[in-house]
Amino acid sequence: MLYHWLYPLSDQFAIFNVFRYITFRAAMAILTALLLSLIFGPRFIATLRRLSVGQSIRDVGPESHQKKQGTPTMGGLLILFAWLLATLLWANLANLYVWMAIGITVLFGLVGFADDYIKVRQRRNLGLTARAKFLCQVGGAAAFGWLLISHPGFDTVLTFPFFKELVLDLGWLYLPFVALVVVGCSNAVNLTDGLDGLAIGATLIAAFTYAILCYVAGNAVVAGYLQVPFVAEVGEVTIFCAALGGASLGFLWFNSHPAEVFMGDVGSLALGAAIGSVAVMAKQELLLTVVGGLFVLEALSVIAQVTSFKLTGKRVLRMAPLHHHFEMLGWHESKVIVRLWIVALIFALIGLATLKLR
């Protein structure tokens, strides 16, 4: 909104010319989302406590988690508020990619909200059935994929990290591929959300990384120089990613160990879907497995654990997802969190390095 109100004034006042620059508006989106989180966070958490919106903790797992019983949850609403408001304030709202990113985020946020609401209302750790949640996610992701394919100038070609000339045109198979990326990323972030600040810290890193990748993809000169796919107008999604980074940083203030609030599924499902959708729009879908490497490891740890137990009756980890395995080995929760943040940062740096290592 501010872009549309203030940039036209640049004809009379040169200072407003800064609104044409994505980098300036991205920086402002970060600060806006951060400040909104910090300002409204305490009151929001107090409201959750007053409404008894508390987290139910399973009996299985590290005993230290039992003291978290009743900690306010559904803090993802705070993230969404700060994140989307900052995006609306600083982005060019005539850009369809921005609205598609907002739409898929809100849709997955609603699925997560329904799941959290059932958990809180019935005082249990189970919300929507897995089938209902999965069908909603696939339906929303498929609709997003269809809109992308229908968008003029967006192609269905898949590029591969580290390779300049290796490409694959998926055609209409791109639609289920998009659904796989978005739903997979959403659930991977959800699985990672098991320790104080772990998922939001990793999301912060991925958001800022994809802010850079979206800016590169949307700039014809830079994309041409780095020989990555150029996607006209997708540079505006940089604002969306920057706002996500700012909101994540603000939420981390309250979610750091010991957490004052949990994000809940309303946060984790929306965050994962947003990152997955941005990766698709920037034509860096496969690079998501590198940039979001921590999320991939967490998801694979669950798959490996379940598969091994069903086939052999034995577990490959002491407990899945991966972060709980390290806790069961005796690592303190804070140590697990910080070390996995470092792992997430390493993956993000490797992802950025692929822009030149091609």
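**Helices, cysteines and loops in a predicted model**

Student: How far apart are the end C-alpha atoms of helix α4 (residues 96-122), and what span should its 27 residues give?
Tutor: Helices here are DSSP runs of H or I, at least four residues, and strands are runs of E, at least two, numbered from the N terminus. The expected span is 1.5 Å times one less than the number of residues. For the 27 residues of α4 that gives 39 Å, and the end C-alpha atoms agree, at 39 Å apart.

Student: What kind of model is this, and how are residues numbered?
Tutor: It is a predicted model, where local features need pLDDT of at least 70, side-chain atom pairs count only at pLDDT 80 or more, and totals for chains, interfaces and linings use all residues. Side-chain values use heavy atoms, without hydrogens and water, and residues are numbered along each chain as its sequence is written, from 1.

Student: Which residue caps the N-terminal end of α4?
Tutor: Look for a polar contact: a pair of N or O atoms within 3.5 Å, where, within protein, one must be able to donate a hydrogen and the other to accept it, and residues adjacent in sequence count only if both atoms are side-chain atoms. A side-chain oxygen lies 2.9 Å from the backbone nitrogen of Tyr97. The residue that supplies this oxygen is Asn95.

Student: How many disulfides does the structure hold?
Tutor: A disulfide is a pair of cysteine sulfur atoms within 2.5 Å. The sulfur of Cys214 has its closest cysteine sulfur in Cys241, at 4.2 Å, which is too far for a bond. The structure's disulfide count is zero.

Student: Are Cys214 and Cys241 buried or exposed?
Tutor: Buried means under 20% relative accessible area, exposed over 50%, and partly exposed in between, with a 1.4 Å probe and protein chains only. Cys214 has 0% relative accessibility, so it counts as buried. Cys241 has 2%, so Cys241 is also buried.

Student: At what angle do the axes of α7 (residues 198-218) and α10 (residues 264-281) cross?
Tutor: Axes are lines fitted to C-alpha atoms, for helices over the stretch in contact, and angles run from 0 to 180 degrees between N-to-C directions. The two axes come within 10 Å, and their crossing angle is roughly 20 degrees. Angles under 35 degrees count as roughly parallel, so α7 is roughly parallel to α10.

Student: Which backbone oxygen does the side chain of Thr159 reach?
Tutor: Thr159 sits in strand β1 (residues 157-159). Its relative accessible area is 13%, so Thr159 is buried. At 3.4 Å, its side chain reaches the backbone oxygen of Lys283.

Student: How far apart in space are Ala188 and Ala299, C-alpha to C-alpha?
Tutor: Ala188 belongs to helix α6 (residues 174-192). With a relative accessible area of 6%, Ala188 is buried. In sequence, Ala188 and Ala299 are 111 residues apart; in space, the C-alpha to C-alpha distance is 5.3 Å.

Student: What is omega for the cis peptide bond between His257 and Pro258?
Tutor: Pro258 is in the loop between α9 (237-255) and α10. The bond joining His257 to Pro258 is cis, and its omega is about -5 degrees.

Student: What is phi of Phe162?
Tutor: Phe162 lies in the loop between β1 and β2 (167-169). Its relative accessibility is 41%, so Phe162 counts as partly exposed. Phe162 is not a glycine, yet its phi is positive, near 75 degrees.

Notes: Parallel < 35°, antiparallel > 145°, perpendicular 65-115°, else oblique.
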